[in-house]
Structure formats: structure tokens, C-alpha cells
Amino acid sequence: MSKKELLDELKKKMEEDESLPLKKGTTNLVFGVGNFDAKVLCLGEGPGYWEDLKAEPFVGNAGKLLDSLLQSIELPREEVYITNVVHHRPPENRDPSPEEITAYGVYLDKIIEIIDPRVIVTLGRFSMGKFLPTARISGVHGKKFVVKWKGKDLVIIPMYHPAAALRNGAVMEQIKNDFLKLKDILNDIKNKQEEVKIEQMNLC
Ligand code: URA
């Protein structure tokens, strides 16, 4: 099956799953959007008002900021894959509970497995917590971490949540700087992969 078929099948399963704890009262499941072959996956917290209405992650004000941050490093939204830690809007946009994160996590893990990104940019502390459970965002934002995930090396780059940047000018400055660092980190990864390819060609 293609990645698209696998994701469509998973989305259907999720839409039919009545046990998902935040489903009640929402308009739509907000599954994920973007390039199925993306090397970079952006992981947010959970849908808000506009995301719930449009069934697409990051389409409100935080989404507009995310788009411009991605544009600032010449990484178009269409080139990445974007999803969230929970895929239904929490009531009144409250924080998702650990139980809710676990319930949606079963599906999130499958999304990550299918997309198979090299890098995950976590947006906010809930998505950071999935991979770096003991980290504090103020100490680690914009830095590169390599974690073992399902037997593979995954690069995690924790970022502040764009909504936090919209509320606080200092965080806005940080997130802009962190995206510039992200550009360098992505270039570095690309160059290393090319070096490995050249080494492999030389060995043949
Ligand atoms: N904030 C998030 O964390 N995710 C969205 O999809 C929108 C806003």
C-alpha cells in the first residue's frame, strides 16, 4: 500500500473510533496535512477553533505564524507534514490530559511510522514531552536531540509553540532565531547524508 493509502485507512479508523476521549462535541477530526514523503514533521499540541472547523492543523493565527516561520527558512508548508498530539479540539482549548495524549498517541505513532520523517520539530511542551519527557522548553528550544524511536534515530528539535510567540514578544524573537538554527541543522543533516552517499559510491 502507498503512504497515502495507509494514511487514508488510518484516518478512517480514527474517524470511526468512538473511544477517542475528545471526540464528543467536535466538528471534525484533525488528522494531519502535508507531504507524505516529508523529511520534516511538525508536531503541534491540538486543534483550535479554526482547525476543528476546517479539519486541518494550524490554519488559525498560530498557523499563519508557523507558515511565515517556515517561509523564513525557505521550507514551504507543502514540503513538511503537520499533525498534532491530539486530533480533536479540547473543550475551550484547554491542555490535553496525559490520558488523552496516550489515547491519541496510538494513532500518532502510526502516522509517524508511515511518514517516516528524519526530523520532528515539536511545537510546545506537550509534543516535546513525547520525545524528551524530562526536558524544560526554556532550556532546550532550538537545540538538536537524537532519540531512538522504534529502532531508528530520530532528530528532535523542540520549539516554543507559535501561539506562545503571539502572546509574548520575547518568545517571538526566540522562535524566529530557533527557526534560523533549524535551517542550519537541516542543511547539516542533508550535507552529512550526501557525504555518506559519496562514501558509499566510493566503496562500490
Ligand atoms: N495549535 C496547535 O497546537 N495545533 C493546531 O493545529 C493549531 C493550533
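Buried means under 20% relative accessible area, exposed means over 50%, and partly exposed is in between (1.4 Å probe, protein chains only).

A word on the source. This is a predicted model, where local features need pLDDT of at least 70, side-chain atom pairs count only at pLDDT 80 or more, and totals for chains, interfaces and linings use all residues. Residues are numbered from 1 along each chain as its sequence is written, and side-chain values use heavy atoms, with hydrogens and water left out.

Back to Asp109. Which side chain meets Asp109 in a salt bridge? Lys130 does, at 2.5 Å, N to O. A salt bridge here is a side-chain nitrogen of Lys or Arg within 4 Å of a carboxyl oxygen of Asp or Glu. Lys130 is partly exposed, at 30%. Asp109, Lys130, Glu113 and Lys150 are linked in a network of salt bridges. By this rule the count is 16.

Another pair is Lys4 and Asp8, at 2.7 Å. Both lie in helix α1, 4 residues apart, about one turn of the helix. Helices are DSSP runs (H or I, at least four residues), strands likewise (E, at least two), numbered from the N terminus.

Now α3. Ala62, Gly63, Leu65, Leu66, Leu69 and Leu70 are buried there. Seen down the axis, the buried residues of α3 fall within an arc of 160 degrees, so they line one face. That arc uses the directions from the helix axis to the C-beta atoms. The face turned away carries the exposed Asn61, Lys64 and Gln71.
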